[in-house]
Amino acid sequence: MLKRLRTAHPILYCILSEVLFLGSMVLFSLLATIGLAAAGADFDAMDGYLLGSVQEAVGLTVALLLLARTGRLDLLHRRGCGFLNGMLVGMYPLFFIGYTTVGTLAFDRPDTPLLPLPRILTFMLNMILVGVAEELVFRGIIAQTLLERYGTARAGVWKACLVSGVLFGAAHLSNLLGSAPFGVLMQCVFAASLGVMLAAIYFRTGNLWVTVFLHSAMDIAAMLIGGLYGTTSVAESVSGYDASRLLSVAVYLIPTVFLLRKKKLPEVQLYWGGIVKN
């Protein structure tokens, strides 16, 4: 059924995939919260990143099931241009990650001691699982489905990038459950523009693990102080987003124009032309 839906109604399939992915994680979070409260757990002392890791593992399982049921698990094994060459294509976000990490550690470190090593490791695990799960859904499932729907001509590639980016941004509305509405709105704008760029990198490299690495590294860099020192949670960080996040539209869309310039489109057609034709 899912395979037929993907072929006949790709947009509906993309929306359904997003709903199943987010819904599974929200449902798990609700059930876990009820179960822990019934057991008398101390939520203040609990490792939120550990719980978040399990939640993302649930979402990852849903993503893998969707890929398996639609015959697209092979996307996990596609080499494309190779991982290291893919890092060259993703040089801009890679530079941004390095700049953010160095600047944060140099100027934003608090005077409080580092968290215990197990807490730091669960933070890293949580951010990595976010990158893996979300890339499987929003690039491996949604962007891939849209590219097969719109084709590898320049207009089709742009449509697939833009629509998948909008769906990626909309997914962050789920953070309304724990963060301030304006901060969540700014995060949606930020995530949508980032999603467009990540889709372009995915199409240019033909390698899903390139965007998995970039996504995970960006999340780690963005939450580095909170993850290392425990001073800020993800929900508090999102609540603090202001209108300056609107700059991300230019910060990420301008490099996307460069990534999808006309002379580079044959690379997209090389990696995906056969699949789109089929």
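Analyst: This is a predicted model. Over residues 120-220 the chain is 86% helix and 0% strand, and the end C-alpha atoms are 11 Å apart.

User: What makes residues 120-220 a domain here?

Analyst: The label comes from an unreviewed UniProt entry, which annotates residues 120-220 as "domain: CAAX prenyl protease 2/Lysostaphin resistance protein A-like". Such annotations may be inferred rather than shown by experiment.

User: Why are α2 and α3 called roughly antiparallel?

Analyst: Helix α2 (residues 10-38) and helix α3 (residues 48-69) pack at an angle of about 150°. Angles over 145 degrees count as roughly antiparallel, and α2 and α3 are therefore roughly antiparallel to each other. Their axes are 9 Å apart, and the crossing of α2 and α3 is right-handed.

User: Which secondary structure do residues 49-68 and 120-143 have in the model?

Analyst: UniProt (unreviewed entry) lists both spans under "transmembrane region". In the model, residues 49-68 are 100% helix and 0% strand, with end C-alpha atoms 28 Å apart. Residues 120-143 are also 100% helix and 0% strand, and their end C-alpha atoms lie 32 Å apart.

User: How do you know which residues line the second largest pocket?

Analyst: Lining residues have an atom within 4 Å of a pocket point. For the second largest pocket these are K3, R6, T7, P10, T70, R72, T145, E148 and R149. The elements giving two or more residues to that lining are α1 (2-8) and α6 (117-150).

User: What makes up that lining by class?

Analyst: The lining of the second largest pocket has 5 charged, 3 polar and 1 nonpolar residues. Asp, Glu, Lys and Arg count as charged. The volume of this pocket is about 180 Å³.

Key:
Residues numbered from 1 in each chain as written. Predicted model: local features only at pLDDT ≥ 70, side-chain atom pairs only at ≥ 80, totals over all residues. Heavy atoms only, no water. Helix = DSSP H or I, 4+ residues; strand = E, 2+ residues; numbered from the N terminus. 1 Å grid on protein atoms, 1.4 Å probe; cavity = no way out; pocket = protein on both sides within 12 Å on 5 of 7 lines; lining within 4 Å. Points joined across faces, edges and corners; volume = space filled by probe spheres on them. Axes fitted to C-alpha atoms, helices over the stretch in contact; angles between N-to-C directions. Parallel < 35°, antiparallel > 145°, perpendicular 65-115°, else oblique. Left-handed = near helix turned anticlockwise from the far one by under 90°.
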